[in-house]
Amino acid sequence: MRIRTQIALTTALILAALAVMTLSSLYQQRVRLELANRQEKIHQMVQEAQELSILSSELLLYPSARVQAQWRLRRNAFSRLLEEQQSWLDQSGGELIADVTDEYLQLGKLFRQMEKLAPFADDVAGDALLRARLATQMLSRSRQLSALLQEFDALERAFGFAKLRRVGKRILVANFLAFGLVASLLLLLWFNLTRQLADLRRGFERVADGELDHRVNHVCRDEFGELARGFDRMTEQVACQTRRLQASQKELASINRELEQKGGRAHGRVGSGECRTGAGSAPTVRCRSGIGPNRTSAHLEKVGGQREP
């Protein structure tokens, strides 16, 4: 695999790991927002149940159409909140939500019975007594509803913290795996590059020290492999040229020795006096031993000058 491809693949995997980390963080943030919204809704339901309990006590102590209208408004608001949270039946506290729903339905039935009574201005003794009894039952139901919601709030907080811990652990594991993958890829790429560079460096150093027979022999099909094969070809050419130069030097040395040997023999003949001035009737001049080459040459020139007339 070529270096460019390795770097591109490593970069893509690093980006993928960063994307996984980012998505994990976004998922954790979304879970936190959902749990916070859920806690807020439960807190609103608890407040509405407490308001219903207060209004139920006012209906018992100070019955009036105004208090009854306020109770109706609070009931409608609580009903909307409860309908929005029906999905909780399949999650934590499902039984408590079922109990809350049952208490709310019983509370609504009592309130409808109260609404069927005569108006407060025309209230008779029997209606007043029945109204007080219904208000007492509504107060008891509303208090029970408030207690159930507070219990559900505490349970929901524990469930939310446990879910956040589970999500945090999963995100931590995912981030650790992504980081480990990125670190492993970077280490692998670093080891691959440094190992090949070290091989080439050792090859250059050994060739620089005179080991022209050394070869890198890199088999990878990447840029380092091409560089190593080019280095081996260059080293082979340098070795061939060196061998040729060494052979030429040996041949020149042999020729030089032969010339020196021939020159030595010629110098020995001249030194022994075996020199002649010419051929035919020319007088022969014998040189005594001990006469050097310069004196012999001068004597030959003198003899030759005497023969010219």
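Mentor: Buried residues make up 29% of the 309 residues in the protein. Buried means under 20% relative accessible area; exposed means over 50%, and partly exposed lies in between (1.4 Å probe, protein chains only). This is a predicted model, where local features need pLDDT of at least 70 and side-chain atom pairs count only at pLDDT 80 or more, while totals for chains, interfaces and linings use all residues. Residues are numbered from 1 along each chain as its sequence is written, and side-chain values use heavy atoms, with hydrogens and water left out.

The protein has 6 helices and 0 strands. Along the sequence the pattern reads α-α-α-α-α-α. Helices (H or I, at least four residues) and strands (E, at least two) are DSSP runs, numbered from the N terminus. Of the contacts with a separation of 6 or more, 70% join residues 24 or more positions apart. Contact here means heavy atoms within 4.5 Å. The protein exposes about 20600 Å², and carbon and sulfur atoms supply 57% of that area. Such areas come from the Shrake-Rupley method with a 1.4 Å probe; for residues, only the protein chains shown count as cover.

On to the salt bridges. The structure holds 9 of them. Each is a side-chain nitrogen of Lys or Arg within 4 Å of a carboxyl oxygen of Asp or Glu. One pairs Glu156 with Arg38, and their closest N and O atoms are 2.4 Å apart. This pair links distant parts of the chain: Glu156 is in helix α4, Arg38 is in helix α1 (residues 3–61), and 118 residues separate them. Both partners are under cover. Glu156 has a relative accessible area of 1%, so Glu156 is buried. Arg38 is buried too, at 8%.

Stay with α4, which spans residues 125–208. Asp153 and Arg157 meet there in a salt bridge, at 3.6 Å from N to O. The two residues are separated by about one helical turn because they sit 4 residues apart in α4. Asp153 is buried at 12% relative accessible area, whereas Arg157 is partly exposed at 43%.

Asp199 is partly exposed, with 22% relative accessibility. Arg202 is also partly exposed, at 46%. The spacing has a plain background. An α-helix has 3.6 residues a turn, so residues three or four places apart point the same way.

Gln144 is 95 residues from Ala49 in sequence, yet their C-alpha atoms are 9.2 Å apart. Then look at Leu177, also in α4. Leu177 is exposed, with 56% relative accessible area.

For contrast, take a charged residue without a bridge. Arg75 lies in helix α2 (residues 65–84). Arg75 is buried yet has no salt bridge; Glu115, the nearest side chain of opposite charge, is 5.0 Å away. Lys and Arg count as positive, Asp and Glu as negative; His and the chain ends are not counted. Arg75 does touch Leu52, Tyr104, Phe111 and Arg112, leaving aside neighbours within four places in sequence. Other buried residues of α2 include Trp71, Phe78 and Leu82. The end C-alpha atoms of α2 are 29 Å apart, which agrees with the 28 Å its 20 residues should span at 1.5 Å a residue. That expected span is 1.5 Å times one less than the number of residues.

Finish with Thr235 in helix α5 (residues 223–271). Thr235 counts as buried because its relative accessibility is 1%. Thr235 touches Val207, Leu212, His214 and Arg215, not counting residues up to four places away in sequence. Glu211 is 24 residues from Thr235 in sequence, with a C-alpha to C-alpha distance of 9.5 Å.
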